[in-house]
Amino acid sequence: MIEVKNLVKKYGDHLAVNNLSFIIEPGKIYGFLGPNGAGKSTTMNIITGYLAATEGQVLINGHDIYEEPEAAKKCIGYLPELPPLYMDMTPREYLEFASDLKGIKKSEKRAKIDEVVRMTGIEEVFNRLIKNLSKGYKQRVGLAQAILGFPEIIILDEPTVGLDPKQIIEIREVIKKLGKQHTVILSTHIMQEVSAVCDEVMIIAKGELVAKDTPNNLGKHIQGSNTIEALIQAPDYKVKAILNKMEHIHKFEVYNVPEEGCVKAVVTTGMEYDVREPLFYACAAAKCPIVGMQASEMSLEDVFIKVTGSGTDAKKGKTVSVRKGTK
Ligand code: ADP
Ligand code: MG
């Protein structure tokens, strides 16, 4: 559906997008996640034909965005970072204007506008001047314009930025609804947003794609290990002695916790090894009861810090290859 091949964008000497390649398949919601300055907007502007790439190719349904811009752009609705709103128009005038630009047939115009107005919840402000609307409503008018005519691919650059929590939830619902019949790509620097709405996450940092997977898999695969936390009713030296004797453990840590007489053991093994049963028997044999046990999964935040190289133990600039399809 969208093929991005070896995309490079330089602003003067500054490399904003560095050899980016990926494929977008139909019918999913993709989250483009990265810190500020990662190159998200630049990439989206190139995909939608607003900006020329320095090198590389973008195909939209097989149409090259530079060679056949009209055919390619027909498939896309775009909400740029700064929505191109005309402040002296009302949403009604603006959407009528946008539907003419998009070549929507006169006979269908009314129904199509009504539908996006309903979906984005802008009925109340439909006949007010855009310049007098709040930031949240302006953003929704921009979104209404992007989805008007329901193009196959909808690209939204930070669609929830500047909205209040209630509006964020409403817009996320709209995006989820769109995702049922359209391919949606949204960019965000908010971790929660990708877990809340996206089927697939692409993490970009310093213009490079550092990970691409489902939100759930990202944590598991990048970690490449299994970690469990056990609350054990025993002094720490006993727990350490038990763990030292066990096999297949890559590393462990034992912490003091507020529960009286207990310590917390954090035990890491390889991906395929489940340490819970052997740990249970080893502790039972030593008469050290386990009173709680849970898997400790890497949060998306941890993954993000690890792959974008902003954490303390992350190797800067190293690409984390995400193994797909294991398990
Ligand atoms: P993001 O959307 O992920 O925050 P951008 O794509 O806006 O990132 O920017 C990527 C990098 O390119 C940043 O370092 C930014 O400063 C730089 N940049 C963006 N637009 C321009 C421009 N028009 N001229 C020069 N540098 C730019
Ligand atoms: Mg941006």
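1. pLDDT is the predictor's confidence in each residue, from 0 to 100. The protein shown here is a predicted model, with a mean pLDDT of 89 and 92% of its residues at 70 or more. Over residues 311-327 the pLDDT is below 50, yet in the model this stretch makes 26 contacts (heavy atoms within 4.5 Å) beyond near neighbours in sequence.

2. Local features need pLDDT of at least 70 and side-chain atom pairs pLDDT 80 or more, while totals for chains, interfaces and linings use all residues. Residues are numbered from 1 along each chain as its sequence is written, and side-chain values use heavy atoms, with hydrogens and water left out.

3. The protein has 11 helices and 14 strands; these are DSSP runs numbered from the N terminus, H or I of at least four residues for helices and E of at least two for strands.

4. The radius of gyration, taken over C-alpha atoms, is 25 Å. A compact globule of 327 residues would have a value near 20 Å, by the rule of 2.2 Å times the number of residues to the power 0.38. Along the principal axes, the C-alpha atoms fill a box of roughly 80 × 45 × 35 Å.

5. Helix α4 (residues 106-120) packs against helix α5 (residues 135-147) at about 140 degrees, the axes being 9 Å apart. Axes are lines fitted to C-alpha atoms over the stretch in contact, and angles run from 0 to 180 degrees between N-to-C directions.

6. Val116, Met119 and Thr120 of α4 meet Arg140, Leu143, Ala144 and Ile147 of α5.

Technical notes
Chains are lettered from A and ligands numbered from 1 in the order in which they are written.
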